[in-house]
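Work through the two exercises below with the sequence and the coordinates open. Each task is followed by a solution in steps.

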Amino acid sequence: MTTAEPGTRLTPRRREIVEAARQILEHDGEPALTMRRLAADVGMKAPSLYKHFPDKASLEIELIVFGFEESAAAFEAVLASRPRSQIAALGAAYRRYAREHPHIYRLMTDRPLPRERLPAGLEYRAAAPLAQAMGSVAGARAAWALAHGLVMLEINGRFPADADVDAAWDAGMSALERIRRA
């Protein structure tokens with residue numbers, strides 16, 4: 001099952017608001033994303049913004065949806081390119097997405113996921129390439145846990161300055177390859 005292209009289920013005005021929210025989030029981080037700031041950025045008063053989104057949580061859901069749609073498309077493109085190692089290529093794509101969009105990534109992964117508010121099939125679509133590469137849902141969950149842990153340490157600056165983070169990723173992906181072959 002696939003979902004629509006990112007944002008196509010939104011009205012043009014709602015899409016404009018979500019894109020402005022994303023710009024704030026991407027450039028200034030989650031604390032900067034307030035309804036007042038967002039309203040000012042799209043040229044309206046804050047109370048008018050609530051006609052489009054009843055609360056900040058509804059807006060955040062749309063940002064999470066964008067993140068899942070974008071990452072799913074990236075992972076699908078990886079598999080379509082028929083890489084020599086699907087696991088390593090997916091790991092690289094996962095890492096790249098999180099590093100390029102750390103605030104969206106955190107919004108997607110740092111709190112309970114409101115699955116009931118996501119479009120049907122979206123979470124499955126985002127996970128399917130990894131399940132395919134790992135050969136099972138359990139393998140995909142283990143791979144996701146490893147990749148998520150590595151990327152969170154990386155984007156939060158938790159590795160020592162002299163750490164070879166690329167080597168850590170390579171070791172992790174090699175371990176996943178061994179698990180997959182077992």
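**Exercise 1.** What volume does the largest pocket have, and which residues and helices line it?

Solution. The model is a predicted one.

Step 1. The volume of the largest pocket comes to about 780 Å³.

Step 2. Its lining consists of 31 residues, and those nearest the centre of the pocket are E123, A126, A127, L130 and W144.

Step 3. At least two lining residues each come from helix 4 (56–80), helix 5, helix 6 (102–109), helix 7, helix 8 (137–155) and helix 9 (165–181). Helix 7 gives the largest share, with 8 residues.

Step 4. Sorted by class, the lining holds 24 nonpolar, 3 polar and 4 charged residues.

**Exercise 2.** Describe how helix 5 and helix 7 are arranged relative to each other, and list the residues in contact.

Solution. Two quantities describe a packed helix pair: the angle between the axes and the distance between them.

Step 1. For helix 5 (residues 86–100) and helix 7 (residues 122–134), the axes come within 9 Å and the crossing angle is roughly 150°.

Step 2. Angles over 145 degrees count as roughly antiparallel, so helix 5 and helix 7 are roughly antiparallel to each other.

Step 3. The crossing of helix 5 and helix 7 is left-handed.

Step 4. On the side of helix 5, the contact is made by Q86, I87 and L90; helix 7 contributes P129, L130, Q132, A133 and M134.

Step 5. The contact of helix 5 with helix 7 comprises 6 nonpolar and 2 polar residues, with no charged residues.

How values were computed. Residues are numbered from 1 along each chain as its sequence is written. This is a predicted model: local features need pLDDT of at least 70, side-chain atom pairs count only at pLDDT 80 or more; totals for chains, interfaces and linings use all residues. Side-chain values use heavy atoms; hydrogens and water are left out. Axes are lines fitted to C-alpha atoms, for helices over the stretch in contact, and angles run from 0 to 180 degrees between N-to-C directions. Helices (H or I, at least four residues) and strands (E, at least two) are DSSP runs, numbered from the N terminus. Angles under 35 degrees count as roughly parallel, over 145 as roughly antiparallel, 65 to 115 as roughly perpendicular and the rest as oblique. A crossing is left-handed if the near helix is turned anticlockwise from the far one by less than a right angle, and right-handed if clockwise. Contact means heavy atoms within 4.5 Å. Ala, Val, Leu, Ile, Met, Phe, Trp, Tyr, Cys and Pro count as nonpolar, Asp, Glu, Lys and Arg as charged, and the others, Gly among them, as polar. On a 1 Å grid over the protein atoms alone, a cavity is a set of points where a 1.4 Å probe fits but cannot get out, and a pocket is an open set with protein on both sides within 12 Å along at least five of seven lines; lining residues have an atom within 4 Å of a point. Grid points are joined across faces, edges and corners, and a volume is the space filled by probe spheres set on the points.
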